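Subject: Structure for your files

Hello,

Here is the structure I said I would pass on. Please keep it with your notes; my findings come after it.

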Amino acid sequence: MLKIKTVLCVAAVLVAVMAEPKPQHYPNTFFPPPSSYPKPEYPERAPAYPKPSYPTPAPAYPKPTYPTTPAYPKPTYPTTPVYPKPTYPTPAYPKPAYPSPVPTYYPKPSYPQPAYPAPYNQKYESEFCDSRKAPKCSKNGTLTFCLEDSEYPEKEVKYAIDYDPIILKKYADVAEQSADNLVDGLTSLAEKHFDYSDYHGNTFEKGNWVGGEGYICPSDVLYARPVRAINAEGEWRVIVQEMAWPGYTQTQRTETCLFPGSSCRTLAPCYQSKCLQKYVYQRMLSFDPCYPQKGIFIDIYKLPSACSCHISA
């Protein structure tokens, strides 16, 4: 039964295909075929125009000649007459009479001498009367200043201070001194702990290369108050300190080379380095035990200030 239905379906399809009408072609009535258009007529090629002929260049006209400027004679002006320089009579002024030259020395003013007590007015006869003789505190002259002095003339200095009306105008000091306010980038605590025990000033020793923080030239730094020192003229003077004037001190920062002339720490031998001692002049209130009548005066002292490393040329 299924086969019959299939055959009938195929036959129906064939009949439908055969019965489809063929397409008809109708003539195009709107646009004529291309062959029916008229051929356009183009104009003939433009005639060849003759090449223009230009006239020959203009003739070279001769350059005009203008008359030259006549040479006028140079005018001559009359010269300025040279008048003779007048001569005036020189007045005869009297020669001024100047006073005699000022003397190079001035007489000592006659001020009334203060009435010192009897013990102070007496001549101070002792070993200190030789101002160039080193005192005992200098350790036979090996030191230039003393920080302690068992022979300090305390009583004489007190008398001189009591009878000096301008002593406070001469005095000035900064009592609190340390690396905190005198060395940039370093504290006083660090400076106190510098250890140079392994250094002996020899470049080829191990101690030259090892060690902790410190200066390249080891030195002994003190914020001291000297009681006796040798001045710039080589004479020993007594320095006014609080033992004779309670509450008043004269503080100085000193830096002394531990090994002057030795090689600098941590530098190779090829640099030929050397530690050099530097000094500075300081002013301090002083007393001369050989001449107590001078009272308290300001004197100049040469104190060690730094130990610097020098590299030779």
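This is a predicted model: local features need pLDDT of at least 70, side-chain atom pairs count only at pLDDT 80 or more; totals for chains, interfaces and linings use all residues.

Residues are numbered from 1 along each chain as its sequence is written, and side-chain values use heavy atoms, with hydrogens and water left out.

The whole structure holds four disulfides (pairs of cysteine sulfur atoms within 2.5 Å). Counting bonded cysteines along the chain, the pattern is 1-2, 3-6, 4-7, 5-8.

One of them joins Cys 137 to Cys 146, S to S 2.1 Å. Its S-S torsion is about 85°, so this disulfide is right-handed. Cys 137 is buried at 17% relative accessibility, and Cys 146 is buried at 1% (buried is under 20% relative accessible area, exposed over 50%, partly exposed in between; 1.4 Å probe, protein chains only).

Another bond links Cys 264 and Cys 309, with the sulfur atoms 2.0 Å apart. Cys 264 is buried at 0%, whereas Cys 309 is partly exposed at 28%.

Cys 270 is exposed, at 64%.

Asp 149 is buried at 13% and is in contact (heavy atoms within 4.5 Å) with residues including Cys 137.

Regards

Terms used: Lists of a residue's contacts leave out its neighbours within four places in sequence.
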